[in-house]
Amino acid sequence: MQYLDSPGAREGEATRASDALKSQLVAGENVLATLVVDLDAQLRFGAGLLALTDQRLLARDSAGGQWRQWSLAAPQLALQLADHAGVGTLDLADGRQMLGRWHYTLAGQAAALRLLKLFGQRGARAELAEEEAAAPEADTDTELQIPPSTWVLLRLGRFARPYRKQLIIGFLLTLASTAATLVPPYLTIPLMDDILIPFQNGQQISFTKVALFLGALLAAALTGWGLGWARTYLLALVSERIGADLRTTTYEHLLTLPLDYFGGKRTGDLMARIGSETDRINVFLSLHALDFLTDVIMIGMTAAILISINPLLAVVTLVPLPFIAWLIHVVRDRLRTGFEKIDRVWGEVTNVLADTIPGIRVVKAFAQEKREADRFRAANAYNLKVNDKLNRTWSLFTPTVSLLTEIGLLVVWGFGIWQVARGRITVGVLTAFIAYIGRFYTRLDSMSRIVSVTQKAAAGAKRIFDILDHVSNVPEPANPVKLDSVQGRIEMKELGFRYGSRAVIRDLDLVIEPGEMIGLVGHSGSGKSTLVNLICRFYDVTDGAIKVDGTDIRRFAVADYRRHVGLVLQEPFLFFGTIAQNIAYGKPDATREEIVAAARAAHAHDFILRLPQGYDSLVGERGQGLSGGERQRISIARALLIDPRILIMDEATSAVDTETEKEIQKALDNLVQGRTTIAIAHRLSTLRKADRLVVMDRGEIVEVGPHDELMERQGAYWRLYQAQARQVDDDGEMPSPAPAPAHAAHPAGTA
């Protein structure tokens, strides 16, 4: 495939695609909207086309120019929009499978939204739009909310596959237990016709027959009980394991997704999906799916028995079925839309909690308790409103089904009495019919109630598969290069990176030798943090390559590569647990001696010993039990313990006072020894020991060299330094000039 590298080439290809569209139209077909699909499946530039007409959705492939089409009359056709890291994605699905996926840069966002809006006008979405307008303002991702299809539950089959033997046994037990429960009504026929009615006519009761029939009834009841217990217990165990596998798989997949995915999601929403949604699916599988299967088998067997006893009376029994089926069809669509909306609204409630509880200090510091309480009250009130609306529909549906079954029972009674009066059936047959019909209608009513639970589970499954279907844009290589050791030479050649259509890094060339310390400086937004994110492979480059020891980092397994990269952030994150556990996070099998050695090197040992439990002291959630400087030194000890060959420091001392900075700087001096180090610092004086300084501006390198050399040039670095010196001087303190490094600097990269 030939990629399109220039805007002119892409525009020319897009024009040819538009011309080709005209040849695809039939007489009387009107084009409503088009979207130039300027990225291919590998997120490289291309020039495909997506067109919406009043009859079809047409798509032209950017590689071979082939056309695909989908009729707008197709059932359950849904188009979904997502936007991650500046790359827009349109997904077309029919409820059971993905039909197409197209990527585009955000230059086409307006056209995509117009196409999506016109596509959505095929159905009645006005009510949904009105409800969204009434919702409280919330920060949500840009995914289009599409009502889930019940077919999505079939995708859970891959999680059930490991337990197919148990499921087959459970199905056989269900058949047997259901058959056992259908025996007692059938035995009422001889009990009535051969024993009770003859007794009323003057005949003697045969106690042998009575004992036989009653024994058969008891045996059927005990058999049904035993089989039912075994079936319920077995399938409950299986469903619990399916739910646990689903929860684990979702969490493991979530951990593989890139940082930009989490940037577009709310923490509370993701927690709700993995927690409450998987619980809901688990309850459906363990209880309601089993009940539904039993109901279907019971209805099928009962219908067969009724037809075998008296076909005409059986037909009368089925009179309410068409009305109940129609009612279920009508209500199901409203329920699945409503439950999907309830899930999203409940996500907003948890989002408020996820924002407020971790940020409780800020809330209290600015006296915003009432404001946050109002936010929660508004979200909770909207959640109540949405639930009330759904309950109005559901509360009408359930009694209506019960009423129809009662009417059906009355019809059977009336028709049955008429048949008995004409001598066509016996009283025993009518009694058995009434017993069977009671079970039949009870199961029918139970099945109608399962509609609600099924739609809840479908809504939860859709939100789970939204995570599982998301593919990481930092893929693992098909044949990874083994990485046993790293020297630390980093080479960046013609590097480029885009957030959608916005270039953040462009044409960047830089070589960092093993053991060299590089300081990245520049104004905010110049691309420093983006560059180190690319080196850590949190994102993949758009153009060019980053090579470590001569090998493109995209050829390494992600986990293998990152084990050789240490990261010290401006705001260190500590997990709830002991200090020792936090230091050993990157090396869980570290000995206590190794942990203490790392803490000593990070100048953290002394303050750790002053804590009540020493290294076994709990740090609290996010390390709130420690000061900022103490958390930072724990973070440095954590990086020291894994002994990385490449070290990234992003504003490691910017958030602490001067005295604490000195302590941290001593720890950093130990950390950088013998490692390839890339440091970002707002305070230029903290980079005094850097071999070279790399000055960035608008995603490009404008200067490279040691401090003294750059000061002599009086260029971009000199202006940054003078501006900072004036700011510090205004505060009453002037930093001392940073000395040049003692050893010779390596040759500069490219300016």
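Among contacts in the protein between residues at least 6 apart in sequence, 73% join residues at least 24 apart, a contact being heavy atoms within 4.5 Å. The structure is a predicted model, in which local features need pLDDT of at least 70 and side-chain atom pairs count only at pLDDT 80 or more, while totals for chains, interfaces and linings use all residues. Residues are numbered from 1 along each chain as its sequence is written, and side-chain values use heavy atoms, with hydrogens and water left out.

The protein holds 23 helices and 17 strands. These elements are DSSP runs numbered from the N terminus, with helices being H or I of at least four residues and strands E of at least two. Of the 751 residues, 46% are buried. Buried stands for under 20% relative accessible area, exposed for over 50%, and partly exposed for values in between, computed with a 1.4 Å probe on protein chains only.

In soluble globular proteins, nonpolar side chains tend to be buried together. A nonpolar core is here a set of buried Ala, Val, Leu, Ile, Met, Phe, Trp, Tyr and Cys residues joined through side-chain atoms within 4.5 Å. The largest such core has 44 residues, of which Ile-583, Ile-608, Tyr-615 and Tyr-717 touch the most other members. Helix 20 (residues 628–641) provides the largest share of this core, 6 residues. Not counting residues up to four places away in sequence, Ile-583 touches Ile-595, Ala-598, Ala-599, Ile-608, Tyr-615, Ile-634, Ala-637, Arg-638 and Leu-641. Another core, of 35 residues, lies apart from it and includes Ile-546, Val-548, Val-694 and Ile-701.

Ser-635 is also found in helix 20. With 3% relative accessibility, Ser-635 counts as buried. Residues up to four places away in sequence aside, Ser-635 touches Leu-567, Val-568 and Pro-572. The C-alpha atoms of Ser-635 and Tyr-585 are separated by 9.9 Å, with the two residues 50 apart along the chain. Asp-643 is placed in the loop between helix 20 and strand 14 (646–650). Asp-643 is partly exposed, at a relative accessible area of 44%.

Most residues other than glycine have a negative phi, and most peptide bonds are trans. Asp-643, although not a glycine, has a positive phi of about 50 degrees. A positive phi of about 50 degrees is also found for Glu-494, again not a glycine, and Glu-494 is placed in strand 8 (residues 490–499).

A pair of aromatic rings is described by the distance of the centres and the angle of the planes. Rings of Phe, Tyr and Trp (its six-membered ring) pair if their centres lie within 6.5 Å; planes under 30 degrees apart count as stacked, over 60 as edge-to-face and the rest as tilted. The structure holds 8 aromatic pairs. In one of them, Trp-70 and Trp-102 are edge-to-face, at 5.8 Å centre to centre and 80 degrees between the planes. Trp-70 belongs to strand 4 (residues 67–71) and Trp-102 to strand 7 (residues 98–105), so the pair ties together parts that are 32 residues apart in sequence. Both Trp-70 and Trp-102 are buried. The pair of Phe-556 and Tyr-561 is stacked, because the ring centres are 6.2 Å apart and the planes stand at 10 degrees. Phe-556 is buried at 2% relative accessibility, and Tyr-561 is buried with a relative accessible area of 2%. Ring pairs also link Phe-573, Phe-575 and Tyr-585 into a cluster.

A search of the whole structure finds 3 cavities of 30 Å³ or more. A cavity is a set of points, on a 1 Å grid over the protein atoms alone, where a 1.4 Å probe fits but cannot get out; lining residues have an atom within 4 Å of a point. The second largest cavity contains about 40 Å³ of space, a volume being the space filled by probe spheres set on the points, with grid points joined across faces, edges and corners. Its lining consists of Leu-534, Arg-537, Tyr-539, Asp-540, Val-541, Ala-545, Ile-546, Asp-552, Ile-553 and Arg-554.

Two further residues lie in other helices. Glu-372 is located in helix 13 (residues 369–421) and counts as buried at 15% relative accessibility. His-288 is found in helix 9 (residues 267–309) and is partly exposed, with a relative accessible area of 23%.

Note on methods. 1 Å grid on protein atoms, 1.4 Å probe; cavity = no way out; pocket = protein on both sides within 12 Å on 5 of 7 lines; lining within 4 Å.
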